[in-house]
Amino acid sequence: MTARYTLADANRLLPLLRSIAAEIEERRAERRRLTRLREELESAPTPEGVTHALTELDALLFENRTATDSSLKEFEELGLSILRTHPLTVHIPGRTRRGPIVFCWQIGENRIGHGHMVGEEEDPRRPLKVRVASS
């Protein structure tokens with residue numbers, strides 16, 4: 001059974017989500033750098049050492065992809081799902097007094113302020129309507 005988080009629980013997860021997301025973003029930037037370098041080497045006019053350098057770059061790119069996949073798996077282990085990786089958008093199965101909901105967080109957001117009704121996860125996310133408790 002998938003865990004369901006309250007909005008408060010989901011917001012408490014944010015430091016961990018941000019940490020994992022930062023790792024993914026760093027790897028994405030490194031992968032772009034390595035890919036550009038690989039393209040430059042492929043178009044180099046001299047073959048001396050290029051084959052070896054390309055092999056090393058391919059190994060680094062493979063390690064990068066494996067590490068990124070491992071980070072994405074961390075979300076799954078928390079019972080969360082990834083809608084997309086660019087921008088990184090995480091779906092958090094939630095619950096409210098009205099029933100189940102899917103909270104939606106994108107990298108860079110300070111709090112969880114969007115969501116979807118269950119079954120509408122592919123639809124555009126909507127701002128959450130949160131009632132403020134009376135004092």
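Strand 1 and strand 2 form a hairpin, with two residues between them. Strands here are DSSP runs of E of at least two residues, and helices are runs of H or I of at least four, both numbered from the N terminus. The model is predicted: local features need pLDDT of at least 70 and side-chain atom pairs count only at pLDDT 80 or more, while totals for chains, interfaces and linings use all residues. Residues are numbered from 1 along each chain as its sequence is written, and side-chain values use heavy atoms, with hydrogens and water left out.

Strand 2 covers residues 88–96, and its pairing with strand 1 is antiparallel over four bridges; two strands count as paired if DSSP finds at least two bridges between them. Within this pair, T85 stands opposite L88 of strand 2, and R84 stands opposite T89.

Strands of a sheet pair through backbone hydrogen bonds, either parallel or antiparallel.

Helix 3 (residues 50–77) contains S71. S71 counts as buried because its relative accessibility is 1%; buried means under 20% relative accessible area, exposed over 50%, and partly exposed in between (1.4 Å probe, protein chains only). Leaving aside residues up to four places away in sequence, S71 touches I20, E23, I24 and R27, where contact means heavy atoms within 4.5 Å. With E23, the S71 side chain also makes a side-chain to side-chain polar contact at 3.2 Å. A polar contact is a pair of N or O atoms within 3.5 Å; within protein, one must be able to donate a hydrogen and the other to accept it, and residues adjacent in sequence count only if both atoms are side-chain atoms.
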